[in-house]
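Take a moment with the sequence and the model before reading on.

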Amino acid sequence: MIIYGKNFTNPASGSSTAVDWNGGTGMFAVQGTFSGATIKLQHQIGDGAAAVWQDIGADATLTESGSVLFTTASTALQVVNSAHSPSVTVSVQPVYENKAL
C-alpha cells in the first residue's frame, strides 16, 4: 500500500525531495528557521522526456514559516530548497473531507 504525502526535516541546500502523490487536494507546510532559503512545492507536468517541473504557485513558495492548501491532478510532486541550510520541518499531506491527515 502506498502512503501518499511526506514529512521530513532540514532539506539540503539545492536539493529536491520527491513526494508520493495520487493527485487531489493537499496541504504544504513549512515551519522553522529558513536562514535565507526559499522552499517551494512543484508538480510534474507531462510525461517522459517532455516532462517538466512547474511551481504550484506563488503561495506554495515560502521564505518563512507558513502553509497553503493546493490542488493538482499530477501524481508527481517535489519540494525544492533553492539554497542555504534551513532548520525546518516540511509537511506535504493529503486533505480529505476538509481534514489534513
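Start at H43. Setting aside neighbours within four places in sequence, H43 is in contact with V52, W53, Q54, D55, I56, T72, S74, A76 and L77. Contact here means heavy atoms within 4.5 Å. Before going further, note what you are looking at: this is a predicted model, where local features need pLDDT of at least 70 and side-chain atom pairs count only at pLDDT 80 or more, while totals for chains, interfaces and linings use all residues. Residues are numbered from 1 along each chain as its sequence is written, and side-chain values use heavy atoms, with hydrogens and water left out.

Where does H43 sit? Its place is in strand β4, residues 39-45. Strands are DSSP runs (E, at least two residues), and helices are too (H or I, at least four), numbered from the N terminus. H43 has 15% relative accessibility, so it counts as buried. Buried means under 20% relative accessible area, exposed means over 50%, and partly exposed lies in between (1.4 Å probe, protein chains only). For a sense of distance, take A83. It is 40 residues from H43 in sequence and 19 Å away in space, C-alpha to C-alpha.

The side chains of H43 and T72 make a polar contact at 2.7 Å. A polar contact is a pair of N or O atoms within 3.5 Å; within protein, one must be able to donate a hydrogen and the other to accept it, and residues adjacent in sequence count only if both atoms are side-chain atoms.

Now move to T72. This residue lies in strand β7. T72 counts as buried because its relative accessibility is 8%. A polar atom of its side chain lies 3.1 Å from the backbone nitrogen of S74. Not counting residues up to four places away in sequence, T72 touches W21, G23, G24, H43 and L77.

How many aromatic pairs does a search of the whole structure find? It finds one. W21 and F70 form this pair, which is tilted, with 5.3 Å centre to centre and 35° between the planes. Rings of Phe, Tyr and Trp (its six-membered ring) pair if their centres lie within 6.5 Å; planes under 30 degrees apart count as stacked, over 60 as edge-to-face, and the rest as tilted. The pair links distant parts of the chain: W21 is in the loop between β2 and β3 (24-33), F70 is in β7 (residues 66-72), and they are 49 residues apart. Both W21 and F70 are buried.

Next comes strand β2, residues 16-20. Its side chains alternate. β2 pairs with strand β8 (residues 76-81) in the antiparallel sense, over five bridges. Two strands pair if DSSP finds at least two bridges between them. In β8, A76 is the bridge partner of D20.

Finally, step back to the whole chain. The protein chain has zero helices and 10 strands. Its radius of gyration is 13 Å, close to the 13 Å that the globule rule gives for 101 residues, so the chain is as compact as a globular protein of that length. That radius is taken over C-alpha atoms, and the rule is 2.2 Å times the number of residues to the power 0.38. Of the 101 residues, 37% count as buried. Among contacts with a separation of 6 or more, 75% join residues 24 or more positions apart.
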